[in-house]
Each structure stands twice: as structure tokens, then as C-alpha cells.
Amino acid sequence: VESRISLVFSHAIDQDSLAEGVVSVTDPEGVVVPTTAWLYYGDGSHVLHLAPQQDWAADTVYTVPVGAGIRTLDGQETTGSSTL
């Protein structure tokens, strides 16, 4: 299945705060799926896309853990973790 996951934040994201592992995708067994992440409009965008390096498996539910430390351009920062 060819597609991507998009996360929409309420404020523009500082691309430098997207360190490896702060946002990931896991399969039903909890294994991290290799993805490529990019901000839709480049630095300063509020839309983060995640695309798998290989197609997603059909009929599979993936989880997106989002960690603390994502900063916005206006100085806000995520302080906790969420799972989507």
C-alpha cells in the first residue's frame, strides 16, 4: 500500500527539533518501521509527513509515538509523549 502518514500541528515546527526517534512509526509488534520524515512546506511548516521506506503492509494498524522535544518556531515545545 503506497501512502504516507501526515501529522498536523497547530504551529510551525522547527525542523531542527525533529531529532531521530522523536516521531516514529511502529508495527503491531512494536517494531519501528523505517520512514522518511519531512515538513510539507519546508522549515516552518506545521505539517509533518512520514513515508515508509518500503510500502506499508496491507490490513495492518500502525502506531505513531510522538515524543517530547518538538519545538515550534514561536518557542513552544512538546513536553510529554503521545501515541497516535
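Tyr40 counts as partly exposed at 46% relative accessibility, where buried means under 20% relative accessible area, exposed over 50%, and partly exposed in between (1.4 Å probe, protein chains only). The model is predicted: local features need pLDDT of at least 70, side-chain atom pairs count only at pLDDT 80 or more, and totals for chains, interfaces and linings use all residues. Residues are numbered from 1 along each chain as its sequence is written, and side-chain values use heavy atoms, with hydrogens and water left out.

Tyr40 lies in the loop between β2 (35-39) and β3 (47-52); strands (E, at least two residues) are DSSP runs, numbered from the N terminus. Together with Trp38 and Tyr41, Tyr40 makes a nonpolar surface patch of about 360 Å². Patches are made of residues with over 30% relative accessible area and no salt bridge, nonpolar side chains (Val, Leu, Ile, Met, Phe, Trp, Tyr) being joined within 5 Å and like charges within 9 Å. A salt bridge is a side-chain nitrogen of Lys or Arg within 4 Å of a carboxyl oxygen of Asp or Glu. Accessible areas come from the Shrake-Rupley method with a 1.4 Å probe, and for residues only the protein chains shown count as cover.

Rings of Phe, Tyr and Trp (its six-membered ring) pair if their centres lie within 6.5 Å; planes under 30 degrees apart count as stacked, over 60 as edge-to-face and the rest as tilted. By this rule there are two aromatic pairs.

| Pair | Centre distance | Plane angle | Class |
|---|---|---|---|
| Tyr40 and Tyr41 | 4.5 Å | 75 degrees | edge-to-face |
| Trp56 and Tyr62 | 4.7 Å | 55 degrees | tilted |

Tyr41, at 59% relative accessibility, counts as exposed, whereas Trp56, at 7%, counts as buried.

Gly44 is also placed in the loop between β2 and β3. With a relative accessibility of 28%, Gly44 is partly exposed. Leaving aside residues up to four places away in sequence, Gly44 touches Ala12, Ile13, Leu39 and Leu73, contact meaning heavy atoms within 4.5 Å. Gly44 and Leu73 are 29 residues apart in sequence, and their C-alpha atoms are 6.8 Å apart in space.

Asp59 is found in the loop between β3 and β4 (65-66). The phi of Asp59 is near 55 degrees, a positive value in a residue other than glycine. Most residues other than glycine have a negative phi. Asp59 is exposed, with a relative accessible area of 85%.

How values were computed:
Helices (H or I, at least four residues) and strands (E, at least two) are DSSP runs, numbered from the N terminus.
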